[in-house]
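Work through the exercises below with the sequence and the 3D structure open. Each task is followed by a solution in steps.

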Amino acid sequence: MSEGSAAARGLSQRRHIVTELPGPRSRALAARRAGTVAAGVSSSLGVYVARAGGGVVEDVDGNSFIDLGSGIAVTSVGNAAPEVAAAVAAQAADFTHTCFMVGPYEEYVAVCEALARLTPGDHEKRSVLVSSGAEAVENAVKIARHATGRDAVVVFDHAYHGRTNLTMAMTAKAMPYKAGFGPFAGEVYRAPVSYPLRDPEGMTGEQAARRAIDVIDKQVGAGAVAAIVIEPILGEGGFIVPAPGFLPAIAAWAAEHGIVFVADEIQTGFARTGAMFASEHEGVVPDLVTTAKGIAGGLPLAAVTGRAELMDAVHPGGLGGTYGGNPVACAAALAAIDLYERLDLAARAREIETRVTARLEALRAEAPQIAQVRGRGAMLAVEITKRGTLEPDAAETARIARECAARGVLVLTCGTYGNVLRFLPPLVIEDALLDDAFDVVAEVVTGAAAEVDRGTPA
Ligand SMILES: Cc1ncc(COP(=O)(O)O)c(C=O)c1O
């Protein structure tokens, strides 16, 4: 146990519900929130967090939940990982901000070096650091447009790229992300993605790519396209893993037509899928990669990394921002990246995949509402439909997530149809916690009664 680890901080690594949910302190905070926080900001849990680490999140009433969300795929190295916390504290004691555009510092340079080393491809690379995933996607589009002199951006059905004006335009789902927020940025075009569960039976990745390319070619024209932006596994859209061959075929067509191929690895990056980046599973080398989330152990940091000739096409001063590559966030990223490599967390993600997929496939055999188990590494999901059909069942999905939370397991939902349960545990979670969490998921899915652990707080 390292000093400062979750266990050393007295965070017992177990599921433990000690009050009604939400408990009295959470209810008091909810009452305060109602009078001051904008209604448009929602939270999936009704409880308020006091501490988190390892594989658990503890609320202000002492309830301990197993974390199958990692703050939406962010705290892959563990929440408040001691190495990250120490790096943050040390950097904060030295300086918290100068603005890299004013007074540059080594930590920014070191993060860019790490990104060049870790992202797919051994070509010469450059990076720009920013503060959020959406900002990274915005910058990837700026760079691609500048480098190609073209306007059009192609995205896919079920895509999620963020909540800024341009990235709302790039995101597929209207409610809640886009409804009422238009007009949106122009020159964004949408093509069909490969969605094996819902595509015509037997459609290959290459055939799905041809279907997409036909749409792009006929409706936009290859010569007008600056960038094709795609998530190698579509995240918010439902953890959709395109059929093998789809991504390489799209990337090859982009290369043939001088189109910048952008892999949005904001959710899939940093060991989450069992490789450092999900593009690697199919040997795809993107021209640009956007990263965020897992990069910095919970600190706000994001990046665009890509071919030097594209990145360097932009004039000095054309990229940046006050907080981009904040030194505290960079120090956190360097500590987190060291953990990914030293602990081989990609291998751990593959172990989680084996363990959890076996559980979920066994559950599917008993639960006809599970239409498919899918995902890679520790980015796994089940799609819930009306029994024996492909009709999405969002109500049942919400029930399962709600009942899991009531029993102490934090599970997130996603999907264009709101019918996907997604599992994103921290990669440092213990096997015993994972097993307990998926016992609960199984009980809730099959409707079996579960005893809520009502012991005393640890
Ligand atoms: C694939 C992908 N792109 C972009 C974003 C936007 O990132 P952020 O919320 O940091 O702006 C997300 C966030 O979920 C994402 O999953």
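**Exercise 1: Two prolines in one loop**

Proline 183 has its place in the loop between H6 and E6. The structure is a predicted model, in which local features need pLDDT of at least 70 and side-chain atom pairs count only at pLDDT 80 or more, while totals for chains, interfaces and linings use all residues. Residues are numbered from 1 along each chain as its sequence is written, and side-chain values use heavy atoms, with hydrogens and water left out.

Task: Find where proline 176 lies, and state which form the peptide bond from methionine 175 to proline 176 takes.

Solution. Step 1: proline 176 is found in the loop between helix H6 (165–170) and strand E6 (188–191). Helices (H or I, at least four residues) and strands (E, at least two) are DSSP runs, numbered from the N terminus. Step 2: the bond from methionine 175 to proline 176 is cis, with omega near 10°. Step 3: the bond from glycine 182 to proline 183 is cis as well, with omega near 0°.

**Exercise 2: Positive phi**

Task: Describe the phi of alanine 80 and of histidine 158, and decide whether each residue is buried, partly exposed or exposed.

Solution. Step 1: alanine 80 has phi near 50°, a positive value in a residue other than glycine. Its place is the loop between helix H2 (70–73) and helix H3 (82–94). Step 2: with a relative accessible area of 32%, alanine 80 is partly exposed. The classes are buried for under 20% relative accessible area, exposed for over 50% and partly exposed in between (1.4 Å probe, protein chains only). Step 3: histidine 158 is not a glycine either, yet has a positive phi of about 70°. Histidine 158 is in the loop between strand E5 (152–156) and H6. Step 4: histidine 158 is buried, at a relative accessible area of 12%.

**Exercise 3: Strand pairing**

Task: Give the order of the open sheet that four strands form, then examine the pairings of E4 and E8.

Solution. Step 1: the four strands stand in the order E1-E2-E3-E13, with mixed pairing. Strand E1 (49–53) and strand E13 (409–410) are at the edges with a single partner strand each, so one side of each lacks a neighbour in the sheet. Two strands pair if DSSP finds at least two bridges between them. Strands of a sheet pair through backbone hydrogen bonds, either parallel or antiparallel.

Step 1: strand E2 (residues 56–59) and strand E3 (residues 64–67) run antiparallel and are joined by three bridges. Valine 56 has isoleucine 66 in E3 as its bridge partner.

Step 2: E4 and strand E10 (residues 302–307) also run antiparallel, over six bridges. Valine 130 stands opposite alanine 302 in E10. In strand E4 (residues 125–130), five of the six residues are buried, so the strand is largely enclosed by the rest of the structure.

Step 3: strand E7 (residues 225–230) pairs with E8 in the parallel sense over four bridges. The bridge partner of isoleucine 228 in E8 is phenylalanine 261.

Step 4: five of the five residues of strand E8 (residues 260–264) are buried, so E8 is largely enclosed by the rest of the structure. Val260, Val262 and Asp264 are buried on one side, and Phe261 and Ala263 on the other.

**Exercise 4: The ligand shell**

Task: List the residues that surround the ligand, sort them by class and locate polar contacts with aspartate 264, glutamine 267 and lysine 293.

Solution. Step 1: the surrounding residues are Ser132, Gly133, Ala134, Tyr160, His161, Gly162, Glu231, Glu236, Asp264, Ile266, Gln267 and Lys293.

Step 1: by class, the shell has three nonpolar, five polar and four charged residues. Ala, Val, Leu, Ile, Met, Phe, Trp, Tyr, Cys and Pro count as nonpolar, Asp, Glu, Lys and Arg as charged, and the others, Gly among them, as polar.

Step 2: a polar contact is a pair of N or O atoms within 3.5 Å. A polar side-chain atom of aspartate 264 is 2.7 Å from a nitrogen atom of the ligand. For glutamine 267, a side-chain N or O atom is 3.0 Å from an oxygen atom of the ligand. For lysine 293, a polar side-chain atom is 3.1 Å from an oxygen atom of the ligand.

Step 3: on its own the ligand has 400 Å² of accessible area, of which the protein covers 82%. These areas come from the Shrake-Rupley method with a 1.4 Å probe.

**Exercise 5: Cysteines**

Solution. Step 3: cysteine 404 is buried at a relative accessible area of 1%, and cysteine 414 is buried at 6%.

Key: A residue is near a molecule or strand if one of its heavy atoms lies within 4 Å of it. A polar contact is a pair of N or O atoms within 3.5 Å; within protein, one must be able to donate a hydrogen and the other to accept it, and residues adjacent in sequence count only if both atoms are side-chain atoms.
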